[in-house]
Amino acid sequence: MKVLRVLFFCLVSVCIAGCAQAQRRSESVEAGPRYIAVTFDDGPDREVTPQLLDLLRRYNARATFFPMASKIAGNEPVLVRMVAERHVIGNHTLSHRRLSTLNDIEIASELDGASEILRPIAGQAPRVFRPPYASLDDRVAQAARERGMAIILWSMYPEQLAFLSNSASIGNRIVADARDGDIIFMHDTSPRTVEAMEIALRGLTAKGFIFVTVPELLSRASGMQAGVTYERVSENNERAK
Ligand SMILES: [Zn+2]
C-alpha cells in the first residue's frame, strides 16, 4: 500500500512539472511578436494624411489605405509617398456608393474606375478592396474575385460612437483591446486620428505588436484569396471567413 502511495505521489509530481513546462512554453509563444493591420479610409486629407505618414514612419509601421477616389486628384504626391514608404493602397470604389443597391454594370464601373486611378500611382492594380459601408452581396464578391481583389472588412472599430470619444479614449481603447491578427478600421480624415494613433503606436509597440499591411498580415496565415472576405486572422491562424 505504501509503495502504491509513493508511486501515486511520483506520478502527480511528474504531471505538475510537465504542466508547468507546457505553460512556460505557451507563455513564451504568446510573448513573441504579434501582428496587427491598421486601415485608414476616406482620405487622403491634405493635412492629416501626411502627418499620419510621418507618425507611421517614426514607428517603422506599415498601414493600408482605402482612399476616396474623388479626393485623389491634386493629392497624388501623398499616395506616391504611401507606396514609396511600403504602405498598401486599396480600392474603395469610384464614388463611395452602397454597392449592393447598384446593378452589375454599375458595380463593375465603381471597381474599375477606382483601380484605373490607382494603377498608375501604385504601379499595379489594387489587390485589396473595401466596400463602402461594408455593403456586400454575392455579386459584389464575384466582381472583386474577377478583378483579383480580396475583400477587407475589420475586427475592430475604435472610432465607433466617436461622438462620445476623444483621441485619448480611442487610442487607449486600441491599446487595451488589440489582439494578434486584428484588422483595425480608422479614417485619415480628422486630426483626432493622428493623436489616437500616436497613443496606439506607442502602447502597442511596447506590448510587442508589429504594424503590417493587410496583405502581409494575411500572408502570415493562410494567405489572401480574391473574392474572399477577411475580418481578421482568426485565433487558430486560419483564414477568416
Ligand atoms: Zn469609406
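Start with the whole chain and its contacts (heavy atoms within 4.5 Å): among those between residues at least 6 apart in sequence, 73% join residues at least 24 apart. This is a predicted model, in which local features need pLDDT of at least 70 and side-chain atom pairs count only at pLDDT 80 or more, while totals for chains, interfaces and linings use all residues. Residues are numbered from 1 along each chain as its sequence is written, and side-chain values use heavy atoms, with hydrogens and water left out.

Now switch to the cartoon view. You will find eight helices and eight strands; these are DSSP runs numbered from the N terminus, with helices (H or I) of at least four residues and strands (E) of at least two. Of the 241 residues, 46% are buried. Buried means under 20% relative accessible area, exposed means over 50%, and partly exposed lies in between (1.4 Å probe, protein chains only).

**The zinc ion**

Select the zinc ion next. Which residues coordinate it? They are Asp42 through OD, and His92 and His96 through NE2, at 2.0 to 2.1 Å. Donors here are N, O and S atoms within 2.8 Å of the metal (3.2 Å for Na, K and Ca); water is not among the atoms, so sites may look incomplete. Along the sequence, the donor residues follow the spacing D-x49-H-x3-H. Asp42 sits in the loop between strand 1 (34–41) and helix 2 (48–58), and His96 in the loop between strand 3 (88–89) and helix 4 (104–122), so this pair links distant parts of the chain, 54 residues apart. Both Asp42 and His96 are buried.

**Helix 6**

Select residues 167–177, which form helix 6, and colour Ser167, Ile170, Gly171, Ile174 and Val175: these are buried. Why are they on the same side of helix 6? Because they cover an arc of only 135° around the axis, taken from the directions from the helix axis to the C-beta atoms. A handy rule: an α-helix has 3.6 residues a turn, so residues three or four places apart point the same way.

**Gln225**

Finish at Gln225, in the loop between helix 8 (214–219) and strand 8 (229–230). Is Gln225 buried or partly exposed? Gln225 is partly exposed, with a relative accessible area of 40%.
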